[in-house]
Amino acid sequence: MVLVQNYITPCKAYLPNASSSQVDVMHQLGWFRSGHNRRAPGCVIRSENVTETSTSSCQDRLGRRQFLAVGPTIVPLLLMTSQIPTSFAAENKKGFLPVTDKKDGYSFLYPFGWQEVVVEGEDKVFKDVIEPLESASVNLVPSSKEDIRDFGSPQQVAETLIKKFLASPSQKTKLIESSERVVDGKTYYTFEFVAQAPNYTRHALTVVCIGNGKFYTLTTGANERRWGKMKDRLQTVVDSFQIFNV
């Protein structure tokens with residue numbers, strides 16, 4: 001794993017006054033108990049650190065992806081021997097690698113070639129080695145609630161998260177759609193949105209769920225210019241996300 005601070009930053013980087021109004025909102029919603037770290041769910045990208053990658057040949061890009069993808073291949077495959085829900089195992093797809101966190105009780109798939117990086121404030125982050133906006137991040141926040149429905153409808157939860165935590169205050173955001181699904185008795189909210197910054201627009205998908213005393217948030221996305229190419233793969237990421245009892 002490598003330490004990355006230039007491309008992806010936790011939401012608190014956009015909340016310099018988080019000790020006041022925005023943290024109060026999280027307290028009111030019950031997204032964490034007193035005494036726990038105050039970390040907002042999700043992951044956002046610093047606009048000042050994102051630049052368009054220079055154009056290179058397809059052969060060169062493919063070679064770099066294959067070279068950098070070799071490292072994280074073995075460990076995720078070994079993790080598949082752990083006990084995970086049957087429904088998740090059935091969703092394993094060609095072109096994706098599985099990751100399972102037995103300590104925190106969640107699992108999901110991510111595209112082959114993405115690399116795991118360490119980001120302060122996030123539980124787990126995988127990103128493309130070339131495209132800085134293509135990533136998947138998991139954030140955990142202690143919660144006293146037992147069901148995501150306790151926070152409201154999918155649209156209400158989505159609008160709150162997008163406005164308060166999943167985008168910077170300077171970005172223009174738009175909720176495109178939201179939905180609900182139930183897997184193994186647990187309710188998941190999934191929503192699609194865009195966040196427009198001065199020099200880029202990120203198209204994102206987020207899935208949230210509550211279990212094990214935690215509010216789980218997985219967010220993935222891509223630059224708007226690559227959304228048409230990436231949307232099916234990113235949809236697979238959020239659809240594969242599941243939590244299990246620990």
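Colleague: Which residue in β11 stands opposite Y189?

Modeller: This is a predicted model. Strand β10 covers residues 186–196 and runs antiparallel to β11, with 9 bridges joining them. In that pairing, the residue of β11 that stands opposite Y189 is V208.

Colleague: How many residues lie between β10 and β11 in their hairpin?

Modeller: The two strands are antiparallel. They form a hairpin. The number of residues between them is 4.

Colleague: What is the phi of N212 in the turn between β11 and β12?

Modeller: β11 and β12 form a hairpin with 2 residues between them. N212 sits in that loop. Its relative accessible area is 25%, between the 20% and 50% cut-offs, so N212 is partly exposed. N212 is not a glycine, yet its phi is positive, near 55°.

Colleague: How many of the 11 residues of β11 are buried?

Modeller: Strand β11 covers residues 201–211. It pairs with β10 through 9 bridges and with β12 over 10 bridges.

Colleague: Which strands stand at the edges of the open sheet of 3 strands?

Modeller: The order is β4-β5-β13, with antiparallel pairing. Each edge strand has a single partner, so one side of each is left without a neighbour in the sheet. The edges are β4 (96–101) and β13 (242–243).

Colleague: What angle does the direction of α6 make with that of β5?

Modeller: α6 packs on this sheet and touches β4, β5 and β13. Strand β5, residues 106–111, is joined to β13 by 2 antiparallel bridges. One of the bridge partners is the pair Y106 and I243. The direction of α6 makes an angle with that of β5 of about 170°.

Colleague: How far apart are the end C-alpha atoms of α6?

Modeller: Helix α6 has 14 residues, 227–240. At 1.5 Å a residue it should span 20 Å. The computed distance agrees with that, at 19 Å.

Colleague: Where does α6 bend?

Modeller: Several of its residues are buried, including W227, M230, L234 and V238. The bend is about 25°. It is located at R233.

Colleague: In space, how far is A158 from F191, C-alpha to C-alpha?

Modeller: A158 belongs to helix α5, residues 154–166. Its relative accessible area is 0%, so it is buried. Beyond its sequence neighbours, A158 touches L175 and F191. A158 and F191 are 33 residues apart in sequence, but in space the separation is 6.5 Å.

Colleague: For the whole chain, what share of the 246 residues is buried?

Modeller: The chain has 6 helices and 13 strands. Among contacts between residues at least 6 apart in sequence, 61% join residues at least 24 apart. The accessible surface comes to about 11,900 Å², with 49% of it belonging to carbon and sulfur atoms. The buried share of the residues is 53%.

How values were computed: Residues numbered from 1 in each chain as written. Predicted model: local features only at pLDDT ≥ 70, side-chain atom pairs only at ≥ 80, totals over all residues. Heavy atoms only, no water. Expected span 1.5 Å × (residues − 1). Bend = angle between axes of the 7 residues up to and from the residue. Buried < 20%, exposed > 50% of the residue type's maximum accessible area, 1.4 Å probe, protein only. Pairing = 2+ DSSP bridges. Contact = heavy atoms within 4.5 Å. Axes fitted to C-alpha atoms, helices over the stretch in contact; angles between N-to-C directions. Areas by Shrake-Rupley, 256 points an atom, 1.4 Å probe, with all protein chains shown as cover. Lists of a residue's contacts leave out its neighbours within four places in sequence.
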